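Keep the structure in view as you read.

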Amino acid sequence: MNTNNTTTTITITYDDDIVRKFMIASIFWALVGLGAGVLIASQLNFWQANFNMEWLTFGRLRPLHTNAAIFAFVGNMMFAGVYYSSQRLLRVRMASDLLSKINFWGWQFIIVCAAITLPLGYSRGKEYAELIWPINILVAVIWLVFAANFFWTLAKRNEKSIYVGIWFYIATIVTITMLYVVNHLSIPTSFTHSYPIFGGVQDALVQWWYGHNAVAFFLTTPMLGIMYYFVPKAANRPVYSYRLSIIHFWSLVFIYIWAGPHHLLNTSLPEWLQTLGMLFSLMLWAPSWAGMLNGLLTLRGAWDKLLTDPVIKFFAAAVTFYGMATFEGPLLSIKSVNALSHYTDWTVGHVHSGTLGWNGFLAAGMFYWLAPRLWKTKLHSVAMANAHFWLGMVGILLYVASMWVSGITQGLMLNATTEGGTVLQYPNFLDTLQAIRPVMLFRAIGGGLYLAGYFMLAYNIWKTARSGTPVNGTVEITVEEENASEKRFSTFLNAPVIYSALIVFALCLTIFSNGALFIFGMFLTITFIIVAIAHFEFCKASWNDWYEKLLKHGFGFSVLTIIAAAIGGAVQIIPTVTMQRADNIEGRIQVPYTPLELAGRDIYVSEGCYNCHSQMIRTLVPEVMRYGDYSHLGEYVYDFPYQWGSKRTGPDLAREGGLRSDDWHYFHMLDPRSVSPGSNMPNYPWLFKKPIKVKQLPNKIHAMRMLGVPYPIDLSEEDIQAQIDEQAAGIVARLAEKGAFTDPDKEIVALIAYLQKLGTYELTSEKDEVATK
């Protein structure tokens, strides 16, 4: 029996004060992050810009730049966009003003902590995950505060059907939680230091599962949610295709998570993972371009505004850059292309075309659209906003073009051979560095122009705010009470979910089998896909009805999103981290570090050396000719964290041990140009003054023992000190013979010990024979 639902009319006042706070914070941190980027870009051309200060070196400032750009600039912009659009899409004020304020002030406190600790050298040594463990806990807590506030608001919503922008916000919150927690699992050794629980290849895989998908679910999915709200608002047009947005969302959430291994192509990562990462990266072309086309075609009928409206300019360019970046990403994941591009500036250019073009321009467009509405006034200067657009566009194009030229030039030079492929054409790594110096200068110029554009934005927004009055948006809505019978719904026991589960099962069967089972898995996959398509065509109305009902059930939608995002990571990571070590070392096993070498490795990590040097010789002939035998998995089993790197501003160090004398390393750290003319590496004079932190070593060795490194159980503090004294004395004596003098307790001695250990392993068939190189 049907009953009439009762309705009530209420007035809602949105919490736009929190939006203003996050927006102002985003602009401030944009200037800081972009400024740090221009500085470190200058350091690559002018080593003097490191100022001989340990807290201003490239190795320490590069993590500050990336964290400021991602988590401070884009992070605050994301919160501003989410808080503004969610309240209006759900037609309800945020559930808790207190949680919103904790989110804001907690996030700013985290950023300040990062800005202090990273230049001081407190780092976990993993890209985009450098923050020390106490800060990581704060990040997790504040993120959960944001999640609680968002899902509480979702539960209280007055608009029962969840709009597409909210889908992407849900995916962001649940997936970032999973990624961040897993990649930051660590064993603390002190308040400022810890070791990750994964090491070697496992750490590499988990890191790039996180690193790649931090880009996907922090810099992409929330931005897409913002795009789906603000672009239609700015253009005053509806989203081009609702069905395309459905395909875009679910395929992106499912496929993106599988693509992380493409950062590790041609390395020691198992071949099946490399192939899987490459294939799913290529598949990303389809959903990514579906989103781009949906965004651009939403502007249909509003293209005339491009001539006068800076907001439309920024949004159109941002969506275009999204399409360019998501075309280039899969291209760079093809193994043959990656062999050229990886470890070069081409990858740097790719990342910045997405960050500056997609995130930065989307942020600018959103800020220019929001400011007049948040302060109830007109934008101070439309002309200045238009000038910002063109200045930023020129800056991006200069930056990206210079990185393309630099990366391709260096990649070709490093891989070039002569005499029938038997001799390297450019055996000296510094030759390639000198060749790209002019274009690297254009990177700094392009970045400087982009930074100048954001200074114009900051001034324009400041003047706009000064001319108006802060206001909170209000809306009057009619709320209809639901009939209890309308809430009965099955999220999982329905055709779309069942078919999806069957297809994923068949895919996994195909991936993890060979021979007859592989063929059977392929047959099942194709069969399930065909049957699912046929069923959809015959029962289209019922499928559409199910999805519309799903959009009214936030919990069920969120659970399905978690499952879709988690499958790829589980398939890749669980087999790798649970694999028996004997099956994972390829006939070689790393020789554990001595206490002095372990201290030296921690100094290497602290100084951010992984930002310029790799420790992974790929399975490519030119690399083997240049650096020695390709790297094997077993040579990294005791590396916590792994240090394979992702960029070579200097040569690979995987087999550095024994190649050069102790005094060469001594003078190289004191003044790199004294032994490597033309080097852009900074001087490290403080290493000759600072003492080794010996007191921390017992805790570090205990943590290593917990992680499986075979240190003796009865190794006492006295034994540790004795081993350090003996090894340090030998290094100091050899240095003195060459006219290089230092005390045995200085950090330079520990770093030399570590560098001389690189590439040392035992053959598993001959445990008593130690081989190097």
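Q: Which residue meets Glu 635 in a salt bridge?
A: A salt bridge is a side-chain nitrogen of Lys or Arg within 4 Å of a carboxyl oxygen of Asp or Glu. Glu 635 lies in the loop between helix 21 (621–627) and helix 22 (662–670), and its partner is in strand 7 (residues 588–590), 47 residues apart. Helices (H or I, at least four residues) and strands (E, at least two) are DSSP runs, numbered from the N terminus. At 3.0 Å, N to O, the partner is Arg 588.

Q: Are Glu 635 and Arg 588 buried or exposed?
A: Buried means under 20% relative accessible area, exposed over 50%, and partly exposed in between, with a 1.4 Å probe and protein chains only. Areas come from the Shrake-Rupley method, and for residues only the protein chains shown count as cover. Both Glu 635 and Arg 588 are buried.

This is a predicted model: local features need pLDDT of at least 70, side-chain atom pairs count only at pLDDT 80 or more, and totals for chains, interfaces and linings use all residues. Residues are numbered from 1 along each chain as its sequence is written, and side-chain values use heavy atoms, with hydrogens and water left out.

Q: How far apart are the closest N and O atoms of Asp 16 and Arg 88?
A: Asp 16 is buried, because its relative accessible area is 2%. Arg 88 counts as buried too, at 17%. Their salt bridge has its closest N and O atoms apart by 2.8 Å.

Q: Why does Arg 660 count as partly exposed?
A: Arg 660 forms a salt bridge with Glu 656, with closest N and O atoms 2.7 Å apart. Glu 656 counts as buried, at 5% relative accessibility. Arg 660 counts as partly exposed because its relative accessibility is 32%.

Q: Which helix gives the most to the nonpolar patch?
A: Patches are made of residues with over 30% relative accessible area and no salt bridge; nonpolar side chains (Val, Leu, Ile, Met, Phe, Trp, Tyr) are joined within 5 Å, like charges within 9 Å. Met 324, Trp 404, Val 405, Ile 408 and Leu 412 make a nonpolar surface patch of about 430 Å². Val 405 is partly exposed, at 44%. With 4 residues, the top contributor is helix 14 (residues 382–415).

Q: Where is Glu 717 found?
A: Glu 717 gathers with Asp 714, Glu 718 and Asp 719 in a surface patch of negative charge. Glu 717 counts as exposed, at 56% relative accessibility. Its place is helix 24 (residues 717–737).

Methods:
Areas by Shrake-Rupley, 256 points an atom, 1.4 Å probe, with all protein chains shown as cover. Lys, Arg positive; Asp, Glu negative; His and termini not counted. Charge placed at Lys NZ, Arg CZ, Asp CG, Glu CD.
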